[in-house]
Structures are given as structure tokens and as C-alpha cells.
Amino acid sequence: MKCYSCNSKLTEKNKCQKCGADVSMYKKIIKTSNSYYNLGLMKAQGRNLTGAAESLRLCLQLNKNNIHARNLLGLVYYEMGEAASALKEWVISKNIQYRNNIANEYIKDFEQNQYALDSYNQTIKKFNQALETVREGNKELAVIQLKKVISLNPRMIKAYELLSLLYINEKQYEKAEAVLNRCLEIDKGNICAISYLRELKRTGKIAKQKKKREVVGESDREEVIVPVKLRDYGSYLTSAIYILIGVVLAIGVLYYLVIPTKDRMYASKNQETIRYYEEMVMGLKADINRLENKVEEVDKEKQEMEDSLATYTEDSSNVLNTYDNLLGALQAQMNNDLLTIVDLYSQINAEVGNTEQFKKVYETVKANYEGPLYDQLLQRADAFRDPKAPQNVATSVALNIQQPDYNQAISYYEACLKMRPEEPYLIFWLGVCYQNSNNWEQALVYYQQIIEKYNTSEFYAQVLVQMQNHQ
């Protein structure tokens, strides 16, 4: 256990040996948090997922940096079919402790399994649709949608709970009981499922249906079991034999005398009919081939005309857009509007302009963009971030900047980043400005880039300090 003040290792005493801070209450909080973690682990091993999640949440309320509890809570959420909540816990765990953290493996496996990711997304959409369908009063459709949700994600507890409520509402108590039992197989401590089952048993709805089914079964058996009279089949045997012999003789006469003559007559007529239709089919095939060739030629001509028209339209549109952007960039340069110059310059296609006037204006804008523009943007960004710094005083006085304006600083740093996307100085100060603007999530995006790509730069240690101070 480490001191909350100086991060040094604590002894059995109630005071830190290094900074002298009173850590008696801190030790109790950490021990209580660990107790809740152990309780959550026991419940999770016994498949009491609801109870485990509650204990682990209490653990994290006392100690948000308990990595093991956060990772286990993510696993519990994942087992309950709440993949988004699980991923959230693992991402937070990864940001608290980047190295030697099993949450990295969980996130990696989750991202690599694209099929599972798509399936979870579909599950969430379909569950929300089912919920909306229930609100609209179409309960039968909602039941079908929830069955589809369960088939995609058999561990989604919320789907089981809602489906059982719909069955209870429709007085299909046996189906509701089966759904609730399946829910309890996944999560033995699910309070909703336990409450619904207890209420069904208390009101006797399940028992009454079982008793009714048994009575109906007995009635059915009484109707089905009917005495059968035994008959004397000896008197019918002789008649049956005579009939069988007559049938055999009739078949023989038809086979040897009548059928061959009829077959020859029909065969001759069929041959003539077949030849007639074969000639007709061959003629139709020839017509079809000619028409198909014509259709292909027409389609080819149509496609060529459409391509030509599209190329002409696209070229015209590109030329107009390029001229508009070039004039806008020149006007922004005259007005000293640096941000607009950066935005419009990236949209100028120098290849479409073929006039001397266009080339002259473009070279003017290009010279400014590739020359002093970056330094001017950076000076303004630094001045808006810290107007009282000695190196920024001249720019601050010129622009009448008296207090830090982090939003303006962010705009200018982002414009600089468009021009030099691999500059760690810009990435670091963007993270600082977002952090000072109370946008920690966006700040963390830029800090993460410093950690992953520029860990040898001078800003790496500063990023670690910023992240430690935020925690």
C-alpha cells in the first residue's frame, strides 16, 4: 500500500514515514475496498452476477484505482450481455495503468472479433427497437424482437427481464417462468427475476395452470381410449382373391394390346410437334441474340455519354470551387484572417487553373502559406494560451489579449497541426488546452499520441505528470 500524498510505501504505522501524513482512515478505506472486491469475486464465481456487480461498484467508489476490481467488473458486465459497459470499464482501467494490465488483452480480443462487435451493435439496436415497440403498445412484435435479441446475445439479462414481463402481461405464465429460469441460470442473483418468480408462485398462477393441464390430459385420455370390436375376416378372404386376379388380368391386356398402339400414334404426332416448336425456339433465340446485341450497344453509348457529362460537370465544379477558394484565401490574407487561409488553402487544386492571373494569385497565397503563416499561427496560439509569458507579451499586446483563451488557442494549434501533423509540441499543448477547458476526454486523445508515438520527446514526462495530477 502506498501513501496517497507522496506515493511512498506505507508501514504498519498510521503515519507516513516520509511525509508524515495521517493514513489511518486511508488504510481503512483501502481495506474496505479490498473486502468488497473479494466479496464481488466470490459472488462472480457463484454466478451471482448482479450481486458481484454491486459489490465491485462499491469497491470502486472507495478506490477508483483498483485495477483488478475494474477488470472483474468489466468481465461481469460482459457475461451479463452488456458489452458496451464492459468495454468502458476496460478502457478506464487501461488509462489508469497502461502497462502490465490484462485489460489491454480484453480490448484487443474484443476489437479483433469484428463479428462479435457487429453482433453486439445489432443486439443493442434491436433491444432499443423492442423497448420502443412496447411503449407504442405493439407487444406481439416486441416479443418477436426480443427473441431475436436473445438469439444474437443469449446472455443479455435485460432482454430476458423485458420478455418475461411481456409474457406475464399476456397471461402466458409458463413461458414467463421458462424465461425467468433461463435468466437465473445466467445470473443466480438477479433481483428482478427472483421477484417475478416469487410473485407468480405467491399468486398461484403457475400452479393453477399446471393443475388445469393435468385435468385436460385425463379428459383426453378418456376420449381416446375406445373399445374395439373384433371382426371375422375369414368371410372376406375369397372375395378379395377373386378381385385381385381380375385386376391383374386387366392390366396385362392393357399392357400388351392397347398401350403399344396408342404409344406409336402419339409418338408420331409428338415428333411433328417437337420439330415445329424446335424451329420456333431457334427463330426466337436468333431474335433474342440480335436484340441483346442492340441493347448492349445502346447501353455502351449511354454509359459513354454519361461519363462524358459527369467528367464535364465535375471539372466545371472543381474549377469554380478552386477559384472561389483561391479568392477567399487571398481576401483572408489581406484581412490577416490566418485560420481561414489554412482552411481554404487545402481545398485549392492548383492543376485546374491555367490562366496567368490564377497562377500569380496562387503563388502569392502559396508563398505566404509556406512562409511566415505557420510562425504567425503558432505565436497567436501561444499568446492565447499564456499571454503573460515573456516570449508571448509582444503578440498579446498587439492582439489585446489579457487573459488565457483556451478555445482560441485550440483553434490556432489545430490550424498549425494541419500544416505540420507530426509536431509533438503542437500535440502536447493541444492536450493541455483541452485539459484546462475541462475536456479531459479530448485531452487524453492527444496525450495518448505523445505516449505511443513520441515517448522519446521532452513532452513524454510532462504528459505523465499531467495524467498523474488529473487522477
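The structure is a predicted model, in which local features need pLDDT of at least 70 and side-chain atom pairs count only at pLDDT 80 or more, whereas totals for chains, interfaces and linings use all residues. Residues are numbered from 1 along each chain as its sequence is written, and side-chain values use heavy atoms, with hydrogens and water left out.

The mean pLDDT (the predictor's confidence in each residue, from 0 to 100) of the chain is 78, and 79% of its residues reach 70 or more. Among the elements of the chain, where helices (H or I, at least four residues) and strands (E, at least two) are DSSP runs numbered from the N terminus, the highest mean pLDDT, 90, belongs to helix 18 (residues 424–436), and the lowest, 43, to helix 11 (residues 205–224). Over residues 208–236 pLDDT stays under 50, and for this stretch the model has 6 contacts (heavy atoms within 4.5 Å) beyond four places in sequence. Where pLDDT is low, the predicted coordinates should not be read in detail.

Helix 1 (residues 24–45) comprises 22 residues, and the distance from its first C-alpha to its last is 32 Å, close to the 32 Å expected at 1.5 Å a residue; the expected span of a helix is 1.5 Å times one less than its number of residues. Lys-27, Ile-30, Ser-33, Tyr-37 and Gly-40 of helix 1 are buried, where buried means under 20% relative accessible area, exposed over 50%, and partly exposed in between (1.4 Å probe, protein chains only). Seen down the axis of helix 1, these buried residues fall within an arc of 145°, so they line one face of the helix; the arc is that of the directions from the helix axis to the C-beta atoms. On the face of helix 1 turned away from the buried side are the exposed residues Met-25, Lys-28, Lys-31 and Met-42. The cover over the buried residues of helix 1 includes helix 2 (49–62) and helix 3 (67–79).

Helix 19 (residues 440–453) has 14 residues, which at 1.5 Å a residue should span 20 Å, and its end C-alpha atoms are 20 Å apart, in agreement with that expectation. Its buried residues are Ala-443, Leu-444, Tyr-446, Tyr-447, Gln-448, Ile-450 and Ile-451, and the buried residues of helix 19 pack against helix 4 (83–96), helix 17 (406–419), helix 18 and helix 20 (459–470).

A search of the whole structure finds 6 salt bridges, each being a side-chain nitrogen of Lys or Arg within 4 Å of a carboxyl oxygen of Asp or Glu. One of them joins the side chains of Glu-79 and Arg-47 (3.0 Å, N to O). This pair links distant parts of the chain, with Glu-79 in helix 3 and Arg-47 in the loop between helix 1 and helix 2, 32 residues apart. Both residues are partly exposed, Glu-79 with a relative accessible area of 25% and Arg-47 with one of 30%. A salt bridge also connects Glu-89 with Arg-70, the closest N and O atoms being 3.0 Å apart. Because Glu-89 lies in helix 4 and Arg-70 in helix 3, the pair ties together parts that are 19 residues apart in sequence; Glu-89 and Arg-70 are both buried. In helix 9 (residues 173–186), Arg-182 and Glu-185 are 3 residues apart, about one turn of the helix, and their side chains meet in a salt bridge (3.1 Å, N to O). Arg-182 counts as partly exposed at 33% relative accessibility. Salt bridges that share partners join Arg-47, Glu-79 and Arg-155 into one network.

Asp-382 lies in helix 15 (residues 373–385) and is buried, with a relative accessible area of 10%. Its side chain makes a polar contact with the side chain of Tyr-413 (2.4 Å), a polar contact being a pair of N or O atoms within 3.5 Å, of which, within protein, one must be able to donate a hydrogen and the other to accept it, while residues adjacent in sequence count only if both atoms are side-chain atoms. Neighbours within four places in sequence aside, Asp-382 is in contact with Asn-392, Tyr-413 and Tyr-425.

Most residues other than glycine have a negative phi. Lys-171, in the loop between helix 8 (157–169) and helix 9, has a positive phi near 65° and is exposed, with a relative accessible area of 58%. For Asn-400, in the loop between helix 16 (393–399) and helix 17, phi is positive and near 60°, and the residue counts as exposed at 58% relative accessibility.
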